[in-house]
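Let's take a walk through this one together, starting with a strand and ending with a pair of helices. Have the 3D view open as you read.

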Amino acid sequence: MHWAQKIANDLISNHPDRQTFVCASGISPSGSVHIGNFREIVTTYFVTRALQQAGKKVRFIFSWDDFDRFRKVPAQLDASYEQYIGLPYTKVPCPCGGHTSYAEHYEQEFEQALGAFGILPEFIYQSREYQSDRYNQAILHALRSRGEIYDILMMFKTGKATEEDRAAFYPIQVYCERCGKDTTSVHAFDGESEDIIYSCKCGCYNTLHVPQASNIKLHWKIDWPMRWGMEQVVFEPGGRDHSSETGSYNVAKVMAKKIFGNQPPYYVPYEFISIKGSHAKMSSSSGHNYTPEDLLKVYGPEPILFMFAKYQPDAAFSIGLDEDVLRNYTEFERYRKAFAAGQLESEDIRAALELTLRNPADAEAPGFSQAAALLPLINWDCTLLQKLLNQDGGSGGNEGLFRQTAERAEHWIREYAPHKLVTVNTSPDRVLYQSLEAAEQERVMAFCGLLRTGFSDEKEFMQQVYAICHDADKKTMRSNQKSLFSILYQLILQQPEGPRIPVLVQALGKERVLALLDF
């Protein structure tokens, strides 16, 4: 059983009377949301799909933690942004000047990418929630319970608790009314008047009436369990950093029970994703990352979703934009074809595809590897690509799919695989031909003879090509066939591999190929 289906079954079993299953995820818009963060939302997405397949009503929420403080300036931004540290993300200027804030810039960037995947959660913007007074009673409750909250926090710390620290502890952060930053200290809370007194490093000293305040935020480990109860969340995943013995989740689940009186949600820890060849953790602020938008320039949405669906959430994996792209596409295309034909044996892979494919009846995209091999040879001509692949048993006449595949293949080759920018020889390579053994030269000449006669049936033509290399010893025959193809590619393309021979001939034209092979 697929991991998402198992979680869905557990949720249904744990909540037999539940009418609506609220599944949550959330991210702070500290910069471009990368594919490591993407695992947060895609894990929840697969569970919601599995619940819907089981006939359950689902509310899929995604919280933008945009009332968090701006902590540090990302590597790609001007150092002048240092002046905004301490403000909530919604009060930091947009990096490009086209949005109302820093938060909105990165929120819209990610939301647009999610739309391409068909992932359409209900977005909740925590800056709006906090400033709407929706949480003010919960903030008051936390202030009244601050001693108990301190005790819970100290259960998970190695430091010694003191009565002095307990008395001075407040579970909130205040954004200053004068400078807007969180460089503040709370000095007192009066339970009767429901007022707090705070001061700020900017010199501000003020009293706030909590029920009407719009500049107070609960600390993360209190904020998280408060929202679980507020939204009635039954499932939420979390990264490995939240999942340790003393991590945020274990603290928050105690807070949920003892402070807010609600059950914590079913929790699944997920592992981080790395960039192939790098051991560094992906980070929005460092710029060391791939974003979903980066991947969508190379992959279609479904192959990306399949990459995430086939791994257990606690399994680490890396993503590379090198030759792995061809391997990932080939694997996905093979499984999708078997799935469509009802010939897929693996139950887990079948379930992963059911969760991944938005409409399994849609036409299949043309093979990415074939497209990538042919496009440089035909000057990136998408119309000719479509004609060649359809002649080669391609996927019908869906021009849109061909164009998307061609654009992704071209982007991949130009940005990540420039060695695929192959060129056709302009004249016969006599030096290479003369270096061949006599038997190898004879096979090249025999291939030219077959080519002159022409072919209408590709299968029959390839059988004749294989026959050129006939040998009583099957191992020797296979070696001869492999050698012949490598020699042909080198004589035509200056490299030992390329598109399938019949497609290559169709792309370049028989006369041009013969001009390079007939010595």
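A residue counts as buried under 20% relative accessible area, as exposed over 50%, and as partly exposed in between, using a 1.4 Å probe and protein chains only. Helices (H or I, at least four residues) and strands (E, at least two) are DSSP runs, numbered from the N terminus. Keep in mind that this is a predicted model, where local features need pLDDT of at least 70, side-chain atom pairs count only at pLDDT 80 or more, and totals for chains, interfaces and linings use all residues. Residues are numbered from 1 along each chain as its sequence is written, and side-chain values use heavy atoms, leaving out hydrogens and water.

Start with strand β9, residues 233-239: seven of its seven residues are buried, so the strand is mostly covered. Strands pair if DSSP finds at least two bridges between them. With β1 (residues 20-27), β9 pairs in the parallel sense over two bridges, and C23 has F235 of β9 as its bridge partner. Strand β10 (residues 266-270) also runs parallel to β9, joined by five bridges. There, G239 stands opposite Y270 of β10. To get from β9 to β10, the chain passes through helix α9 (residues 248-258) in a right-handed β-α-β crossover; right-handed means that, with the strands pointing away from the viewer, the path from the first strand over the helix to the second runs clockwise.

Now for the helices. Helix α5 (residues 136-144) packs against helix α6 (residues 146-155) at an angle of about 75°, with the axes 5 Å apart. The axes are lines fitted to C-alpha atoms over the stretch in contact, and angles run from 0 to 180 degrees between N-to-C directions. α5 and α6 are therefore roughly perpendicular, a label for angles of 65 to 115 degrees (under 35 is roughly parallel, over 145 roughly antiparallel, the rest oblique). A142, L143 and R144 of α5 meet R146, E148 and I149 of α6, where contact means heavy atoms within 4.5 Å.
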